[in-house]
Amino acid sequence: MTVTIVGSQLGDEGKGGIVDLWGDAADVVARYQGGDNAGHTVVEDGTEYKLSLVPSGAVRGKVGVLGNGCVVNPATLFDEIDALRERGLDPDVRVARRAHVILPYHRVLDGIEEEVKSDSDSEVGTTGRGIGPTYEDKAGRRGLRVGDLLDSEVLREKLEYVVSQKRALVEDVYGVAVTDLDDPDAFDVEALFEEYREYGRRLADNDMTVNAGDFLADRLDDGQEVMFEGAQGTIIDIDHGNYPYVTSSNPTAGGAATGTGLSPGVVGNGEVVGIVKAYLTRVGSGPMPTELGGVVGDTPGYDEQGGGDNEELATYIREEGGEYGTVTGRPRRVGWLDVPMLRHAARANGFTGLAVNHIDVLAGLDEVKVGHSYDLDGEEVFAMPATTERWADCEPNFRSFDGWDDVDWSAVAEAGYDAIPENARAYLDYVSDELDTDIYAVGVGPGREESVVVENPFR
Ligand code: GDP
Ligand code: IMO
Ligand code: MG
């Protein structure tokens, strides 16, 4: 069977930790979208691993697959594999031949486009990994795929076609001289050809490329268990998120089918677990109706740290939760749980279960709030509007919960659900009721052992 792990909010919900928690029962862990914009954390016996391309199952020695829906930067993939090897892991990663390749010019273009947008305060706040420009080329039918790296003739032909266009884009549209760039080789066919042919050789020598759909279907036919590791989250999904402040792929559950080559039926017959952070964080720009305080540079219209109670609270939660970007190190914006967002996510993904993380971070607060619904033009609405402009007009209607004490969370994790402080259980019951979905796990700390498991979706 399959278990699909999906972020229900704006990313960084603790997906990596949940993949690791249940990964013991999985034989294969497959990513189906995104690239090295992801930063997934696994903590095993106090040792922390931050993974960006290598699927999180690697910590448990599981086979990893990067599906056709992913965008793969071979340089960062090999660096990550080598770094994990040095730390004693032995990642076995297979890469879809249909997956698209991030090239150096994609990163350069990501940077230039953000810079240009920043003149009108409309930058997305991307991770700068070249994700958007690579998916643009995929949709524009001019992308290079992993399979192309294995055939030097095809590689050269495709580079010759596309690199001259990218050079013209940078020079003629953006007015930037390639020779002035930090990495002028990013637009040099010969240099790119040599470097990427070499990646192709390493992929081939290590037998790393697969037809992902066939590979996964064979495993399932053999009775193996497959876990899909979503990256990012529903509200930064290019279709279901708050466009244009989104990533360029489909983190939602449908992406697990299109991004691996298995059918929607296979994914839908399995479990789809929504990962929920007990509050809300956001890296980058865009609206956030339940935001507390703000972060200069990311929160729209927030020009200087303003102080005040809400900002103090945001800072407290940010520090308690270590809410700094895994990839970029940026402080994450912090807010209360946004329940209309979760209703939207539950519908778009069809969650069969939930994992609610970080309830330990909120411990010690007198009061915990949730945005239960929105006020939009004097009307109460319960789901997110479809346009980002309308979402920005939403004022949350808050509900208040009594806070819960900080306790020995490891002991709670061992003792089970009933050992969770009563007020935290009331909060969890509310979330479960609103989404009409059972809670399978509750995160009470970053470690593998710091989760209360109610149900293992593989059983
Ligand atoms: P991902 O991108 O969804 O995999 O999440 P990240 O790894 O970017 O961010 C989640 C952070 O919270 C990591 O530092 C995790 O180790 C940590 N974490 C995950 N679950 C919990 C939890 O229940 N409690 C606490 N305190 N930290 C958690
Ligand atoms: P994980 O998998 C949180 C955000 C960026 C930016 C927007 C677009 O760790 O949850 P991109 O570089 O993808 O073009 O940036 O999406 N973003 C994430 N935010 N967690 C992530 O991944 C993210 N990946 C991208 O901050 O706002
Ligand atoms: Mg992350």
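These legends describe close-up views of a predicted model.

**View 1. Ten strands build an open sheet.**
The strand order is E9-E7-E5-E2-E10-E1-E11-E16-E20-E21. The pairing in this sheet is mixed. Strands E9 (209-210) and E21 (451-453) stand at the edges. Each has a single partner strand, so one side of each is left without a neighbour in the sheet. Strands of a sheet pair through backbone hydrogen bonds, and they do so either parallel or antiparallel.

**View 2. Strands E16 and E20 pair in the parallel sense, with helix H14 lying across them.**
E16 covers residues 353-357 and E20 covers residues 439-443. Three bridges join the two strands. In one of the pairings, Leu354 has Ile439 in E20 as its bridge partner. Helix H14 (residues 422-435) lies across both strands. It runs at about 145° to E16.

**View 3. Ser432 sits in helix H14.**
Is Ser432 buried or exposed? Ser432 counts as buried, because its relative accessibility is 14% and the cut-off for buried is under 20%. Leaving aside neighbours within four places in sequence, Ser432 is in contact with Leu354, Thr437, Asp438 and Ile439. Two of these names return from the previous view: Leu354 and Ile439 are bridge partners.

**View 4. A magnesium ion is coordinated by Asp12 and Gly39.**
The ion is ligand 3. Asp12 lies in the loop between strand E1 (2-7) and helix H1 (15-23). Gly39 lies in the loop between strand E2 (28-31) and strand E3 (40-44). The pair therefore ties together parts that are 27 residues apart in sequence. Asp12 is partly exposed, with a relative accessible area of 22%. Gly39 counts as buried, at 12% relative accessibility.

**View 5. Helix H4 has six named buried positions: Ile131, Gly132, Pro133, Thr134, Tyr135 and Asp137.**
The helix spans residues 131-139. What covers its buried residues? The cover includes strand E6 (71-72), strand E8 (100-101), helix H3 (104-118) and helix H5 (152-173). Just after H4, Arg141 takes a positive phi of about 60°.

**View 6. Thr134 is a buried residue of helix H4.**
Its relative accessible area is 1%. Not counting residues up to four places away in sequence, Thr134 touches Val71, His100, Val101, Ile102 and His106. Val71 is 63 residues away from Thr134 along the chain. Yet their C-alpha atoms are separated by 7.1 Å.

**View 7. The largest pocket has a volume of about 780 Å³.**
Its lining counts 39 residues. The closest to the pocket centre are Val124, Thr126, Thr127, Val246 and Thr247. Which elements give two or more residues to the lining? They are H3 and H4. H4 gives the most, with five residues. Rolling a probe the size of a water molecule over the atoms shows where empty space is left.

**View 8. Ser164 is found in helix H5.**
Ser164 counts as partly exposed, at 45% relative accessibility. How far apart in space are Ser164 and Gly294? From C-alpha to C-alpha, they are 42 Å apart. In sequence, Ser164 and Gly294 are 130 residues apart.

Definitions and conventions: Residues numbered from 1 in each chain as written. Chains lettered and ligands numbered in written order. Predicted model: local features only at pLDDT ≥ 70, side-chain atom pairs only at ≥ 80, totals over all residues. Heavy atoms only, no water. Buried < 20%, exposed > 50% of the residue type's maximum accessible area, 1.4 Å probe, protein only. Helix = DSSP H or I, 4+ residues; strand = E, 2+ residues; numbered from the N terminus. Contact = heavy atoms within 4.5 Å. Donors = N, O, S within 2.8 Å, 3.2 Å for Na, K, Ca; no water. Pairing = 2+ DSSP bridges. Axes fitted to C-alpha atoms, helices over the stretch in contact; angles between N-to-C directions. 1 Å grid on protein atoms, 1.4 Å probe; cavity = no way out; pocket = protein on both sides within 12 Å on 5 of 7 lines; lining within 4 Å. Points joined across faces, edges and corners; volume = space filled by probe spheres on them.
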